[in-house]
Amino acid sequence: MAPKIYIVIYSLYGHITAVAREIEAGLKEGGCDVVICRAPELLSAEILEKMHAPPADESIPLCTVADLAGADGIIFGLSTRFGMATAQLKSLWDSTGGMWQAGALVGKPAGVFVSTATQQGGQETAAVTWISQLTHHGMIFVPMGYTTPLLFGMDEIRGGSPYGAGTYAGADGSRMPSQLEKDIAQHQGKYFAGVATALRDGEAHRYFK
Ligand SMILES: Cc1cc2nc3c(=O)[nH]c(=O)nc-3n(C[C@H](O)[C@H](O)[C@H](O)COP(=O)(O)O)c2cc1C
């Protein structure tokens, strides 16, 4: 059976969703079943209106903790707030105490990808600060490393790092993922698929049970 990978996102303006679609394509190419789900909104309608937020993408289901327990791996889409992940994603994760107690995610792989407005806006700090969330669950952080030469180029602006794929939304949010960023995201998905398959088949988490 194909490993089942969840891509867990919160995306206010669609940048993380766009990168998630590329990671999904890479995961599928690597032989995985993929579910993209989104963390529930926490902001009031009034605040969302002030932020000029478009309506939530209802084509993507809300994440449920019960579903996540059945994942063979999870990749988190971190839309950056002050250099860290969004409260929406953190709140979802704060609902996983029962899974933590049961060790439901022990030994399972986890990856991250990010979106920031600017180049120094915290792509790496968002990734690094999310690692503690994974660590406490006993998940295995799977960085992309420099597994693709696409990360070495210096001739155009691009998001992403050895931690995971990324995109720059621009200060006004008008920049959508470039082809290079999409290619890197697809690569991450395919690379993660290989690691997830190896870990699932090796059943690393069985030592906890
Ligand atoms: C309250 C708030 C804080 C933000 N903090 C940062 C930040 O620290 N660095 C940055 O580059 N962008 C920051 N942004 C911009 C978002 O990261 C950007 O809108 C997001 O990456 C776009 O992705 P999305 O369309 O998937 O939501 C912030 C946006 C908001 C609303």
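This is a predicted model: local features need pLDDT of at least 70, side-chain atom pairs count only at pLDDT 80 or more; totals for chains, interfaces and linings use all residues.
Residues are numbered from 1 along each chain as its sequence is written, and side-chain values use heavy atoms, without hydrogens and water. Local features need pLDDT of at least 70, side-chain atom pairs count only at pLDDT 80 or more, and totals for chains, interfaces and linings use all residues.

User: How many residues of strand β4 are buried?

Analyst: Strands are DSSP E runs of at least two residues and helices are H or I runs of at least four, numbered from the N terminus. Buried means under 20% relative accessible area, exposed over 50%, and partly exposed in between, with a 1.4 Å probe and protein chains only. Pro109, Gly111, Phe113 and Ser115 point one way from β4, Ala110, Val112, Val114 and Thr116 the other way, and all are buried. For β4 (residues 109-116) the count is eight of eight.

User: In which sense do β3 and β4 pair, and over how many bridges?

Analyst: Two strands pair if DSSP finds at least two bridges between them. Isoleucine 74 stands opposite alanine 110 in β4. Strand β3 (residues 73-79) and β4 pair in the parallel sense, over six bridges.

User: Which residue in β5 is the bridge partner of proline 109?

Analyst: Strand β5 covers residues 140-141 and pairs with β4 in the parallel sense over two bridges. The partner of proline 109 there is isoleucine 140.

User: Which residue in β6 stands opposite valine 114?

Analyst: β4 also pairs with strand β6 (residues 166-168), in the parallel sense over three bridges. Opposite valine 114 stands glycine 166.

User: Which residues come nearest to the ligand?

Analyst: A residue is near a molecule or strand if one of its heavy atoms lies within 4 Å of it. The shell has seven nonpolar, 10 polar and one charged residues. Here Ala, Val, Leu, Ile, Met, Phe, Trp, Tyr, Cys and Pro count as nonpolar, Asp, Glu, Lys and Arg as charged, and the others, Gly among them, as polar. Of the 18 residues around the ligand, those nearest are Ser11, His15, Ile16, Thr80 and Ser115.

User: How much of the ligand does the protein bury?

Analyst: A polar side-chain atom of serine 11 lies 2.6 Å from a ligand oxygen atom. A backbone N or O atom of phenylalanine 82 lies 2.8 Å from a ligand nitrogen atom. Taken alone the ligand exposes 640 Å² (Shrake-Rupley method, 1.4 Å probe). Of that area the protein buries 81%.

User: Is serine 115 buried or exposed?

Analyst: Serine 115 lies in strand β4. Leaving aside neighbours within four places in sequence, its contacts (heavy atoms within 4.5 Å) include His15, Ile16 and Thr80. Its relative accessible area is 6%, so serine 115 is buried.

User: Which residue's side chain makes a polar contact with the side chain of glutamate 58?

Analyst: Glutamate 58 sits in the loop between α2 (45-50) and α3 (65-68). At 64% relative accessibility, glutamate 58 is exposed. A polar contact is a pair of N or O atoms within 3.5 Å; within protein, one must be able to donate a hydrogen and the other to accept it, and residues adjacent in sequence count only if both atoms are side-chain atoms. At 3.3 Å, the partner is arginine 38.

User: What is the relative accessible area of cysteine 63?

Analyst: Cysteine 63 is also in the loop between α2 and α3. Beyond four places in sequence, cysteine 63 touches Val8, Cys37, Arg38, Ala39 and Leu92. Cysteine 63 counts as buried because its relative accessible area is 8%.
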